[in-house]
Amino acid sequence: MMKVYLDNGATTKTADEVVEAMNPYFNKKYGNSSSMHKWGMKAQKAMRKSRKNIAEKINATPDEIIFTSGGTESNNLTLKGLAFKNKGKKNHIIVSKAEHDCVLNSAKWLDKQGFDITYLNVDKYGIVDPTDLKKAITKDTFLVSIMHANNEIGTILPIGKYGKICRENNVLFHTDACQSFTKVPIDVKEMKLDLVTLNAHKIHGPKGVGALYKRKGIKITPLLHGGGHEFNLRSSTSNVSGIVGFAESAYIHTQEDIQKMETLRDYLKEELLKIPDTHLNGHPEERLCNNVSISFHFIEGESLLMNLSMRGIAVSTGSACSSNSLEPSHVLLAIGLAHEIAHGTIRFTLSRYTTKKEIDYTIKNVKEAVIKLREMSPLKKGVKYKTDDYDDEHQPIF
Ligand SMILES: *Cc1c(COP(=O)(O)O)cnc(C)c1O
């Protein structure tokens with residue numbers, strides 16, 4: 001049986017060259033980067049180089065890069081750090097309904113602390129209408145947070161437009177770029193980005209490390225107080241090996257990799273859409289090079305995931321973080337899918353290591369599994385959905 005990993009939206013294999021770059025910092029150059037001796041200086045040097053390499057990738061300067069433990073921390077630092085900074089002055093934050101849980105749950109928590117939160121609608125592709133954003137900004141708004149690329153449906157959002165609107169209205173603009181970093185170009189100056197969340201483990205780097213880009217001059221309250229690391233914004237002994245690996249991973253994706261992923265993505269998408277009663281989620285063109293999100297009507301996504309897992313194929317339903325719950329994904333509901341259809345949605349996410357042979361194996365097995373599950377399914381075509389609240393308004397929109 002082949003083994004095919006198509007869950008790169010959840011996490012990726014740490015690349016061999018990344019592991020190699022990290023290795024010396026575990027057992028040879030293991031100094032604390034805050035120490036003044038030779039061991040410490042070696043660690044400092046590695047940190048300086050890594051900070052510069054990450055900064056260059058998004059057209060920022062090294063002193064604008066704060067290393068963190070990953071995407072979740074960078075998003076929490078942005079929302080809560082700016083909220084604490086603005087407390088008693090400005091009170092309003094705008095986010096989209098399709099953000100990652102770590103943005104949405106930070107916003108919900110701040111809501112309980114007395115901040116006003118606006119949750120902007122997205123269209124059927126997951127895109128926020130710039131006009132809606134403009135209208136939502138008030139004199140009280142200090143932050144807008146809208147993601148660059150959606151982790152579930154793969155849509156790439158026009159963050160340059162949001163950045164421009166925010167800059168014109170004197171509001172800070174933050175984007176969560178965990179899914180897009182190194183796959184879609186990011187230029188913080190051209191796109192007028194004030195804060196950007198990045199992480200390593202989605203781009204063949206190690207887990208547990210990421211960064212927040214914060215434009216020079218923006219004041220933020222730290223969440224972790226201590227020895228004053230990371231410009232006093234994120235104390236704790238620096239994760240030197242992780243940071244070295246992160247910087248290495250930022251240069252893994254080549255233009256050739258991206259084109260190869262796009263070709264395989266389109267092939268997989270076209271073949272899977274030949275299965276009757278399926279549709280693609282997310283924007284048909286403005287989408288990540290590695291994401292195919294398909295709803296298989298009349299099927300439970302969990303059953304399909306388990307069936308494919310037995311066939312050696314790893315995929316996901318919704319996002320990995322929320323797949324413990326039986327609630328359908330908030331992203332799929334936000335783009336207007338009925339509950340039943342949302343439940344039948346599978347995300348396939350490719351990597352630079354994915355081969356044509358693996359995609360052929362996947363296509364064959366998905367087709368077989370779907371036929372098998374539909375034969376057994378109580379949701380079978382022609383049979384009414386069994387949910388009590390089913391009505392015509394909740395018909396699938398596609
Ligand atoms: C994975 C992911 C996160 C969380 O990042 P961690 O480094 O796992 O904490 C946040 N936002 C998006 C869009 C992601 O894909």
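Select helix 4 and helix 5, where helix 4 passes helix 5 in a right-handed crossing; a crossing counts as right-handed if the near helix is turned clockwise from the far one by less than a right angle, and as left-handed if anticlockwise. This is a predicted model, in which local features need pLDDT of at least 70 and side-chain atom pairs count only at pLDDT 80 or more, while totals for chains, interfaces and linings use all residues. Residues are numbered from 1 along each chain as its sequence is written, and side-chain values use heavy atoms, with hydrogens and water left out.

Helix 4 covers residues 71–86 and helix 5 covers residues 101–112, helices being DSSP runs (H or I, at least four residues) numbered from the N terminus. The two pack at an angle of about 25°, with their axes 9 Å apart; the axes are lines fitted to C-alpha atoms over the stretch in contact, and angles run from 0 to 180 degrees between N-to-C directions. Helix 4 and helix 5 are therefore roughly parallel to each other, because angles under 35 degrees count as roughly parallel, over 145 as roughly antiparallel, 65 to 115 as roughly perpendicular and the rest as oblique.

Next, select helix 14 (residues 356–376) together with helix 11 (residues 301–310), which pack at an angle of about 130° with their axes 10 Å apart. That makes helix 11 oblique to helix 14, and helix 11 passes helix 14 in a right-handed crossing.

Finally, select the ligand: which residues are around the ligand? Among them are Gly 70, Thr 72, His 100, Cys 102, Asp 176, Gln 179, Asn 199 and Lys 202, a residue being near if one of its heavy atoms lies within 4 Å. A polar side-chain atom of Asp 176 lies 2.6 Å from a nitrogen atom of the ligand, whereas for Gln 179 a polar side-chain atom lies 2.8 Å from an oxygen atom of the ligand. Taken alone, the ligand exposes 380 Å², and the protein buries 87% of that, with areas from the Shrake-Rupley method and a 1.4 Å probe.

Notes
A polar contact is a pair of N or O atoms within 3.5 Å; within protein, one must be able to donate a hydrogen and the other to accept it, and residues adjacent in sequence count only if both atoms are side-chain atoms.
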